[in-house]
Amino acid sequence: MGRGSGYAQGDGPGMSEQGDGPNTRLVSGGRRKEWTAGLVNPPVHRASTILFDSVADLRAKSGKPRQLHYGRQGTPSIWSLEEALTGLEPGAAGTKLFPSGVAAITTALMAVLGPGDTLLMTDSVYAPTRHFCDDVLARLGVTTIYYDPIDGETLDRLMDAGAKAVFLESPGSLTMEVQDVPGIAARARERGTISLIDNTWATPLLFPAIGHGVDLSILACTKYVVGHSDAMMGSVTASPGTWDRL
Ligand SMILES: *Cc1c(COP(=O)(O)O)cnc(C)c1O
């Protein structure tokens, strides 16, 4: 992935300010010694219940980021991958992993939407995302309006009418329209509209979305990150303004 990206010298968009280029970050990201004890590849930690020395010790660690507290809240293997993915999105506050790409998409949407809200959704979106909007979000009282991914004027008018969130996918499934993501993200931010992108096709190597003004950047890790659908996994990387909400 990195070798063909053309950004091997760390000169890609939004990448030079952190020093290391994406290839270096790909091989070094998430490998913290305090999590791995120096093992090169972060080992797989499987956990649900964690043992503590005392109730005081449990309370001190509960709810704190990067503290083993309960398996569902994360283990060093999860933190390692989250940190490595965050490193590919300059300007991002953090990343959360999910059991599939669709779980990442639906959780990100539910993190920002509530009853009475309007969602602007690209018409070339991955079909299961569309099903979630038309079925689940509709039952929760969220209105979804589909927009033409390459008709910026109509999208501007829809955003002027007051949408809570705008969802992008670029290139889009399966017709590959490429959207003006920085332009749409900037206009959304001016209006207080939260922008989300399904960045699975481009990946953060070819398009670091957070650095281009998007609030939530979603990956179906099942695809390029896992490489071969050997595992199903999803991620959401958040801007500083949306991280707590996610
Ligand atoms: C595959 C895919 C997803 C869903 O990922 P799963 O891990 O299969 O749930 C979402 N968006 C895009 C663009 C995809 O190609």
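Trainee: What percentage of the 246 residues of the chain count as buried?
Mentor: The model is predicted: local features need pLDDT of at least 70, side-chain atom pairs count only at pLDDT 80 or more, and totals for chains, interfaces and linings use all residues. Numbering starts from 1 along each chain as its sequence is written, and side-chain values use heavy atoms, with hydrogens and water left out. Buried means under 20% relative accessible area, exposed over 50%, and partly exposed in between (1.4 Å probe, protein chains only). Of the 246 residues of the chain, the share that counts as buried is 44%.

Trainee: What is the radius of gyration of the chain?
Mentor: The chain has nine helices and seven strands; helices (H or I, at least four residues) and strands (E, at least two) are DSSP runs, numbered from the N terminus. The radius is taken over C-alpha atoms, and the globule rule is 2.2 Å times the number of residues to the power 0.38. For 246 residues the rule gives 18 Å, and the chain's value is close to that, so the chain is as compact as a globular protein of that length, with a radius of gyration of 19 Å.

Trainee: Of the contacts in the chain with a separation of 6 or more, what share comes from residues 24 or more positions apart?
Mentor: Contact means heavy atoms within 4.5 Å. Among contacts with a separation of 6 or more, residues 24 or more positions apart account for 63%.

Trainee: Which strand pairs with strand 1?
Mentor: Two strands pair if DSSP finds at least two bridges between them. Strand 1 (residues 94-98) has four of its five residues buried, so the rest of the structure largely encloses it. Phe-98 stands opposite Gly-234, and Gly-94 has Ala-238 as its bridge partner. The five bridges are antiparallel, and the partner of strand 1 is strand 7.

Trainee: Which residue does a cis peptide bond join to Ser-170?
Mentor: Most peptide bonds are trans. The loop between strand 4 (165-169) and helix 8 (181-190) contains Pro-171. Leu-174 is found in the loop between strand 4 and helix 8, and the bond from Ser-173 to Leu-174 is cis, with omega near -20°. For the bond from Ser-170, omega is about -10°, and the residue joined is Pro-171.

Trainee: Is Ala-37 buried or exposed?
Mentor: Most residues other than glycine have a negative phi. Ala-37, not a glycine, has a positive phi of about 55° and lies in the loop between helix 2 (33-36) and helix 3 (55-61). With a relative accessible area of 75%, Ala-37 is exposed.

Trainee: What is the relative accessible area of Thr-203?
Mentor: Thr-203 has a positive phi of about 65° although it is not a glycine. Thr-203 lies in helix 9 (residues 203-206). This residue is buried, and its relative accessible area is 5%.
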